[in-house]
Amino acid sequence: MGGAVDEGFSDLLARLYAGVGPVGDGEAEPWRGFLEALARWMEASFATLIITAPGKRQPATFLTPGSDAAFDAAYTETLFAEDPFQGLSDGVVTSYAEFMAQLPDSAFAAYRQAMASSGFDQVLGIDLHFGGGHSAGGRGGRPDEGRYEARFRISRHNSLPDFTREERARLQALAQHLRIAVSLFEKLQFAGAEHGMFHATAQGLGLALLVLDRNRRIVSSNALAEALLAQDEGLRRRGDELVLADAAQHKLVGELLAQGGELGLTRFRIERPGRGDLVVTARPVELNAIHGGAGALALFLARPHRQAGPEKGLENGNDPQVLRDLLGLTMAEARLAAVLGEGLSLVEAARRLGIAHNTAKVQLRSVFAKTGVHRQAQLVALLASIGG
């Protein structure tokens with residue numbers, strides 16, 4: 001860039017930081033406006049953003065404004081898992097042609113053919129790795145150290161001149177801003193996901209709440225949770241990290257963070273002879289645009305067999321919106337669970353809600369799957385333990 005100020009650079013940065021906010025803040029879809037502007041700034045055909053977690057066969061986020069929908073579908077469903085153009089040095093602009101030239105000519109033949117057939121095989125890439133100890137300015141780290149990564153791809157049709165050294169330098173100059181923007185995007189995704197979690201604890205239920213990020217750090221807590229941590233029995237805070245006294249439970253929390261929603265709702269009991277046991281309900285915090293559903297965890301803590309006072313009976317404790325937030329149910333499933341929690345049969349609950357008996361049976365099966373119980377009596381006991 002020769003020291004000259006790029007006239008479009010400040011506008012591009014404005015679009016970048018505006019584009020990571022919630023829909024409605026001047027953006028129809030996060031990142032779209034920025035990617036369109038980036039393609040123009042680079043005099044490219046398309047700009048693409050891919051966000052993925054390690055080991056995923058489909059990306060959490062894939063966006064290429066203006067591209068062919070059929071090719072995009074083929075890429076996310078098949079080609080993504082076979083894409084060799086990944087694992088780039090952290091934060092370093094890399095050419096697709098140079099990268100592939102390092103591989104045997106016979107390697108990834110189907111992928112090479114698909115790219116050549118598309119006509120858009122002139123590509124610059126930049127990978128940013130997050131969550132595995134990379135510093136904000138780090139380069140060259142191993143991609144398997146990160147817990148998720150953002151891949152930016154700039155594509156130009158092969159009928160046009162290839163990217164020049166100066167154009168590569170333009171993209172490299174943007175790298176640190178891209179890193180900051182992706183980090184902000186994750187934080188905003190996290191804030192939106194955890195907002196619903198707090199609804200359940202604001203209903204006078206006496207539930208303590210801890211929200212952990214993917215590195216086991218406590219990022220949110222309510223007053224009840226802080227009081228339990230201060231008691232230092234069964235669980236405690238070590239710096240920003242949650243530590244459970246039981247080694248098996250401590251390991252379980254790590255596994256839940258690693259596997260995200262794959263294990264569903266999980267419950268365990270923390271034994272505390274001095275202060276009274278706690279029943280923990282662990283629910284994944286979905287960050288679909290970042291991790292495809294993995295990466296954070298909400299822990300709801302309650303004392304077992306609490307006696308319901310006049311203001312905390314099952315009717316109040318089983319507020320459908322509370323159950324939706326706490327157990328990850330749909331609103332219809334939560335309404336059914338709330339009515340069943342009052343002791344009604346499934347037939348009576350369907351009649352109360354004005355739905356068909358078969359509809360109620362389908363919803364109940366879904367509730368069982370999400371809560372890990374197998375019988376209606378177990379569901380009622382679960383609701384009593386968190387609501388009464």
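Buried means under 20% relative accessible area, exposed means over 50%, and partly exposed lies in between (1.4 Å probe, protein chains only). By that scale, Phe108 is partly exposed at 40% relative accessibility. This is a predicted model: local features need pLDDT of at least 70, side-chain atom pairs count only at pLDDT 80 or more, and totals for chains, interfaces and linings use all residues. Residues are numbered from 1 along each chain as its sequence is written, and side-chain values use heavy atoms, with hydrogens and water left out.

**Confidence**

- pLDDT is the predictor's confidence in each residue, from 0 to 100. The chain has a mean pLDDT of 81, and 80% of its residues reach 70 or more.
- Helices (H or I, at least four residues) and strands (E, at least two) are DSSP runs, numbered from the N terminus. Confidence is highest in strand β3 (residues 94-95), at a mean of 96, and lowest in helix α11 (residues 314-317), at 42.
- Contact means heavy atoms within 4.5 Å. Residues 133-146 stay under 50 in pLDDT, and the model gives them 29 contacts beyond four places in sequence.
- Residues 306-316 also have pLDDT below 50, with 17 contacts in the model beyond near neighbours in sequence.

- Two strands pair if DSSP finds at least two bridges between them. An open sheet of five strands runs in the order β7-β6-β12-β11-β10, with antiparallel pairing.
- β7 (218-221) and β10 (266-270) are the edge strands, each pairing on one side only.
- Axes are lines fitted to C-alpha atoms, for helices over the stretch in contact, and angles run from 0 to 180 degrees between N-to-C directions. With direction ignored, neighbouring strands of the sheet are turned by 25° against each other on average.
- Five bridges join β10 to β11 (residues 278-284) in the antiparallel sense. Thr266 stands opposite Ala282 in β11.

**Helices on the sheet**

- Helix α8 (residues 223-231) packs on the sheet and touches β6 (208-212), β7, β11 and β12 (297-302). The direction of α8 makes about 85° with that of β6.
- α9 lies across β6, β10, β11 and β12, and runs at about 160° to β10.
- Gln249 sits in α9 (residues 247-259). Gln249 counts as buried because its relative accessibility is 12%.
- Which residues does Gln249 contact, leaving aside neighbours within four places in sequence? They are Leu244, Phe268, Arg269 and Ile270.

**Helix α3**

- α3 (residues 69-82) has 14 residues and reaches 19 Å from its first C-alpha to its last. That is close to the 20 Å expected at 1.5 Å a residue; the expected span is 1.5 Å times one less than the number of residues.
- A kink of about 55° is centred on Thr76 in α3. The bend at a residue is the angle between axes fitted to the seven residues ending there and the seven starting there.
- Asp72, Tyr75, Thr76, Leu79 and Phe80 of α3 are buried. Their cover includes β1 (46-52), β2 (61-63), α5 (109-118) and β5 (148-156).

**Positive phi outside glycine**

- Glu43 is not a glycine, yet has a positive phi of about 50°. Glu43 lies in the loop between α2 (32-41) and β1. Glu43 is exposed, because its relative accessible area is 59%.
- Phe108, another residue other than glycine, has a positive phi near 55°. Phe108 lies in the loop between α4 (96-101) and α5.
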